[in-house]
Amino acid sequence: MTSFADYRPLVNALAVAMVYASMAIGAEPAETEWQIPEDTNTIETLTPEQARKLAVAYKGVDFTREHKGKRIVIAEKALPLAGLKAIDVETAKALAQYSEGPLLLDGLTTLSRDAAVALAGSRYSAKGAFGGRKDGVLFLNGLTTLSPEVARALAQYSGHLSLNGLTSLSPEVAKAFERFPFEGSLMLDGLTSLSPEVAQTIADRATLLSLDGLPNISPETAKALADNWGTLSLNGLTSLSPDVAKALDGFRGCLCLNGLTTLSPEAARALPKPEGCWLSLDGLTTISPEVAKAVAEGPGTLSLNGLTTISPEAGRALGGYTGVYLFLDGLTTISPEAAKGLARFDGGLDLPSLATISPEIAEALAENDCYLGLDGLTTLSPEAAKSLAGYKGVGLSFDGLTTISPEAARRLAEYKGSLSLNGLTTLDTETARALAVAKAWDGSLPNITVLDMPNSVEIATILASTEAGLKLPNLTKISPRAYNALLRRKNSEMPPRSKITFIPEPDGYTDDFITPEGYQEQ
């Protein structure tokens with residue numbers, strides 16, 4: 001009798017033959033479809049097919065940078081690929097189709113001319129990003145060298161181009177950027193030296209020219225850079241001689257010198273101060289009356305956000321500033337005498353880091369007659385509010401207040417200009433009543449997301465009577481009756497009903513929501 005063992009050699013041979021046959025006709029199991037990883041920075045290689053999938057399906061992440069201990073969102077929906085070390089032409093063409101946000105390709109260490117041409121045609125554009133009129137955003141900070149051919153290809157890119165990995169720039173490469181569109185931004189923060197010849201070539205090539213890696217520059221280089229009339233960033237300079245300051249005198253744009261921690265009166269007097277110029281000196285933590293007087297001679301905008309306090313004498317000097325806006329974002333304390341001196345300034349005055357304000361300081365600041373920003377205040381007494389209500393300027397901003405007492409609200413209601421209270425997260429009946437009759441208040445409450453207090457229907461009814469109209473763009477929870485009351489205001493701005501979660505009425509009332517007449521037209 002024949003057993004299975006007798007057939008085993010034949011069975012094995014047939015099995016092997018079937019395997020080879022399946023390989024020959026391509027019958028092996030299909031390769032698993034490539035999935036986009038949660039962190040795209042982990043991608044080390046990319047095929048054109050995978051790049052095309054990224055360009056179509058990837059939704060992007062926030063691109064952030066740390067600034068003064070805070071994470072600042074630079075751009076939304078970015079595609080970060082820091083792990084990608086090389087890229088071929090077809091993959092570059094595919095990635096250039098990504099239109100949601102910036103391409104962050106800082107992992108690339110080499111780039112061919114053809115790949116550069118493909119990337120220069122990137123579809124993403126964002127109005128106003130990085131100072132340009134209509135910019136794309138392309139980061140190639142891993143490139144440490146650049147040939148003239150690749151530079152000429154990248155110079156066709158219309159937007160924000162970051163090449164911070166370059167430590168030097170030859171005259172030939174600089175000349176290749178002559179066709180770079182002026183409305184773009186050129187970041188070269190890795191340069192540690194810059195000749196006058198190269199400076200002259202790139203000076204007027206971009207709305208924003210960033211050279212923050214330069215530790216010092218010669219008067220000749222400074223004079224060449226002064227031909228730029230957009231934004232010139234030299235935040236790497238830690239000292240400034242009067243000669244270099246004087247050489248910059250022809251500059252007509254926004255000059256950033258935020259690396260300076262000290263500034264002599266002679267250099268301050270020599271700095272450019274043409275009409276419309278923006279001078280940023282945010283690295284100064286203290287300022288003498290002499291330097292304050294010298295920088296206050298210009299007619300443009302002055303930023304001194306590093307100052308945490310100023311003397312009465314410096315305050316009086318800055319109060320004589322002839323420009324249009326004075327930024328003092330770092331000022332955490334101020335004396336009544338310094339406040340009175342600053343109030344002599346007849347332009348916009350921003351003091352967003354003052355957390356409290358006394359009636360005396362409020363009265364002193366009220367002497368300013370343009371715009372006063374006090375968004376750092378977390379409390380406002382009725383007495384201080386009374387002093388500020390007499391402010392003669394066009395606008396008062398208190399966007400840092402999350403609550404305000406009815407007494408302070410009633411005082412502010414007497415103000416005649418434009419009043420902003422965008423930080424409020426809750427309201428009681430009397431505060432709502434005070435604001436509703438304030439002609440200065442713009443009716444905007446973007447941080448109120450829930451109206452669930454026992455008297456919410458009454459508050460909603462009061463708010464609907466505001467002079468300027470009502471804006472509650474982020475409202476998520478409210479009772480039907482309160483929502484109905486808000487909608488009776490014809491020019492109210494609120495989320496549609498589909499975005500609202502209706503909660504029980506505070507008094508147990510159970511009738512359904514009724515769409516008011518004319519709601520669809522609103």
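Which residues of helix 15 (residues 382-389) are buried? In this predicted model, the buried positions of the helix are Ala384, Ala385, Ser387, Leu388 and Ala389. An α-helix has 3.6 residues a turn, so residues three or four places apart point the same way. The cover over the buried residues of helix 15 is drawn from both helices and strands, and includes helix 14 (359-365) and helix 16 (406-412) together with strand 15 (371-373) and strand 16 (395-397).

The side chain of asparagine 141 is joined to that of serine 162 by a polar contact of 2.8 Å. When neighbours within four places in sequence are left aside, the contacts of asparagine 141 comprise Asp106 as well as Ser162, Leu163, Asn164 and Gly165.

The cysteines were considered next. The structure contains zero disulfides. For cysteine 254, the closest cysteine sulfur is that of cysteine 256, and the separation of 4.0 Å is too far for a bond, because a disulfide requires the two sulfur atoms to be within 2.5 Å. Cysteine 254 has a relative accessibility of 15% and therefore counts as buried, whereas cysteine 370, at 23%, counts as partly exposed.

Terms used
Residues numbered from 1 in each chain as written. Predicted model: local features only at pLDDT ≥ 70, side-chain atom pairs only at ≥ 80, totals over all residues. Heavy atoms only, no water. Buried < 20%, exposed > 50% of the residue type's maximum accessible area, 1.4 Å probe, protein only. Helix = DSSP H or I, 4+ residues; strand = E, 2+ residues; numbered from the N terminus. Contact = heavy atoms within 4.5 Å. Polar contact = N/O pair within 3.5 Å; in protein donor to acceptor, adjacent residues only side chain to side chain.
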